[in-house]
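Subject: Structure handover

Hello,

Here is the structure I promised. Please open it alongside this message. My notes follow directly below.

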Amino acid sequence: AHYLMWFRRDLRLHDNTALAALCERAHDNDASVSAVFFLTPEQWQTHDMSLVQLDHIARTLPILANDLHKQLNITLHVQVCDSFSDCADSLSALCAANNISGVMANHEYEGNEIERDEEANKLLAKNDIEFIRWHDQCILPPKSITTNDDSMYQVFTPFYKKWRHTLEVSNIQLHKALAIDSNIDSNKAALKISKKAANTVDAIEALSQKVVEDYQQSLADNTQLSHIDSEAQLTNARDAYPAGEVVACHRLDQFVADDIHNYDVSRDVPSLHATSQLSAYLTIGVISPRLCYLQAAKAQEQLHGNDGDNEDINRWISELAWRDFYRHVLADKPKLIQHQAYKHETDIKINWSYNEDDFDAWCTGRTGVPLVDAAMRCLNATGFMHNRLRMVTAMFLTKDLLIDWRWGERYFMQQLIDGDFASNNGGWQWSASTGTDSAPYFRIMNPFSQAKTHDPDGEFIKEWLPELKDMPASTLHSEDKIRKAINTDDMFGKVDYPAPMVEHKAVRQLAIAEFKK
Ligand code: FAD
């Protein structure tokens, strides 16, 4: 028998549920195993995947291929397909041509991904090929944490309590893929596969990088993104996120050894870089979320014994739970993927703005609000933005400018290295007060007070807005003061920075009135 592992957003060997199950089965049946990954740039562009995320996948594939080969004697084949339906066709053709009797993969929960898998399933079934999928993306799978009447929680806190309790009483284990016996006929591993494919580490690297270059070229034609220096963004993202599971696991170990112990206080200060910076790896599955949880739980136990309770560690574990929560929400409400608000009435009643000049000022970091602009310029230059700043910028767009949250959601996806539909949609709808458990509409963050609290010395602002480096923090933190400073003769013409584009107090009232209505 010959089995096939279909990799998607699970680009790792450790604790990969489908891979471990497949290897076990192959071991028991003395079968051989190959693996495949489909690069689908055209499809991903319709999902607004960022260039830096595609590049991260491209950098990861040769490492995955090498590890699979060396540790498990499995050959990875990487193939380019235009769309998801081409992928289902190619998979089915590949299986038919190579006498594959079973395919295994881990579930994905977004609409087109689900359709692709259903299509693949039908095609494979016609040839009596099994297609088995496993839940792997969450610590606890969607639909497993429900209320007493078996429905999905509408708010996070009770979800979290049950999620935590379930984990504490269950004994979650990491899955380990067994090395496949190497008495496999090596010819079998050389699948008959189309021309747009590669299976040596060098060829995978060349093919993946070619796909990145083409993607970069096609994005260059998008005039709305002309303010992005994609080359600089790529360089910064490559420096900040070296590829591969060894790096990701090492980053987790270091975070749990050092920074987790101050997480509760320092997680909200962007200039400290005190969060784990694991999201880019979690998003494409280079690290297992269960491993993240187990490492944190182990640190908790080492510190406090069995009934350990450490605020910092608990807080970090709760962030992992938010990630699970938003996937559970998506699985429960598939319409979210069609851009529908969770609170559907907000789609009907709120008169969102579609002012392109305002949106452009926000995207390019020229709103005149230093914290918002610094955050947007950081995103544009690096493909990453700190969580606190995601909330501040999203609230500014949806409340101060009253722009439709879907515009911001899309822009974030186009830039973020960790862009992930469920978490991004959840974060945007939280900020826009249209989502499950979202910020109440009248609690609108003041971006100047946020700067005062979370960037007290203006360190982060000055890093990204060097033109303001000589301005005292007290001016950066006050709308009145910065307006005056920019408008005085002293500053006029010397600093290329705009005065705040809106008056926060006034637009806040407008937003509240719109929501009240
Ligand atoms: P840490 O603070 O170390 O947290 C650990 C992990 O927990 C993260 O890697 C992430 O996987 C998860 N996590 C943390 N906070 C959240 C959260 N609020 N919601 C869901 N998961 C969370 N996260 C993404 O992974 N992809 C996105 O596209 C995304 N878009 C967002 C958009 C908005 C408007 C907002 C407000 C938040 C968004 N987030 C998104 C959540 C959060 O900002 C990032 O996960 C976090 O900044 C990543 O940094 P870190 O890995 O250092 O996080």
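Start with strand β3, residues 75-80. This strand is mostly covered, with 6 of its 6 residues buried. Bear in mind that the model is predicted.

In β3, both faces are covered. Thr75, His77 and Gln79 sit on one side, and they are buried.

- Strand β2 (residues 32-39) runs parallel to β3, and 6 bridges join the two. Within this pairing, Ala35 stands opposite Leu76.
- Strand β6 (residues 197-198) runs antiparallel to β3, and 2 bridges join them. Here Gln79 stands opposite Ala197.

Next, the domains. The protein is divided into domain 1 (1-136), domain 2 (218-333) and domain 3 (345-516). Between domain 1 and domain 2, the C-alpha centres lie 25 Å apart. Their contact takes 17 residues from domain 1 and 21 residues from domain 2. On the domain 1 side, helix α3 (residues 51-72) gives the most, with 8 residues. By class, that side of domain 1 divides into 7 nonpolar, 4 polar and 6 charged residues.

There is also a record to set beside this. In an unreviewed entry, UniProt places the feature "domain: Photolyase/cryptochrome alpha/beta" at residues 1-139. That span is 51% helix and 22% strand.

Now the ligand. Which residues come nearest to the ligand? They are Thr275, Ser276, Ser279, Asn424 and Gly427, out of 29 residues around it. The elements that give two or more residues to this shell are α12, α14 (311-332), α18 (387-400) and α20. Of these, α20 provides the largest share, 6 residues. By class, the shell has 10 nonpolar, 13 polar and 6 charged residues. Domain 2 and domain 3 each supply at least three residues to the shell.

Gln277 has a positive phi of about 55°, although it is not a glycine. Its place is in the loop between α11 (263-266) and α12 (279-283). Is Gln277 buried, exposed or partly exposed? Gln277 has 17 C-beta neighbours inside 10 Å. A residue counts as buried at 20 or more and as exposed at 12 or fewer. Gln277 falls in between, so it counts as partly exposed.

Ser433 also is not a glycine, and has a positive phi of about 60°. This serine is found in the loop between α20 (421-432) and α21 (447-454). Around Ser433 there are 23 other C-beta atoms within 10 Å. The cut-off for burial is 20 or more, so Ser433 is buried.

Those are my notes. Over to you.

Best wishes

Notes. Residues are numbered from 1 along each chain as its sequence is written. This is a predicted model: local features need pLDDT of at least 70, side-chain atom pairs count only at pLDDT 80 or more; totals for chains, interfaces and linings use all residues. UniProt positions are given in the numbering used here, feature names are shortened, and annotations may be inferred rather than shown by experiment. Helices (H or I, at least four residues) and strands (E, at least two) are DSSP runs, numbered from the N terminus. A residue is near a molecule or strand if its C-beta atom, placed from the backbone, lies within 6 Å of it. Ala, Val, Leu, Ile, Met, Phe, Trp, Tyr, Cys and Pro count as nonpolar, Asp, Glu, Lys and Arg as charged, and the others, Gly among them, as polar. Domain bounds come from an automatic or database domain assignment. Two strands pair if DSSP finds at least two bridges between them. Two residues are in contact if their C-beta atoms, placed from the backbone, lie within 7 Å.
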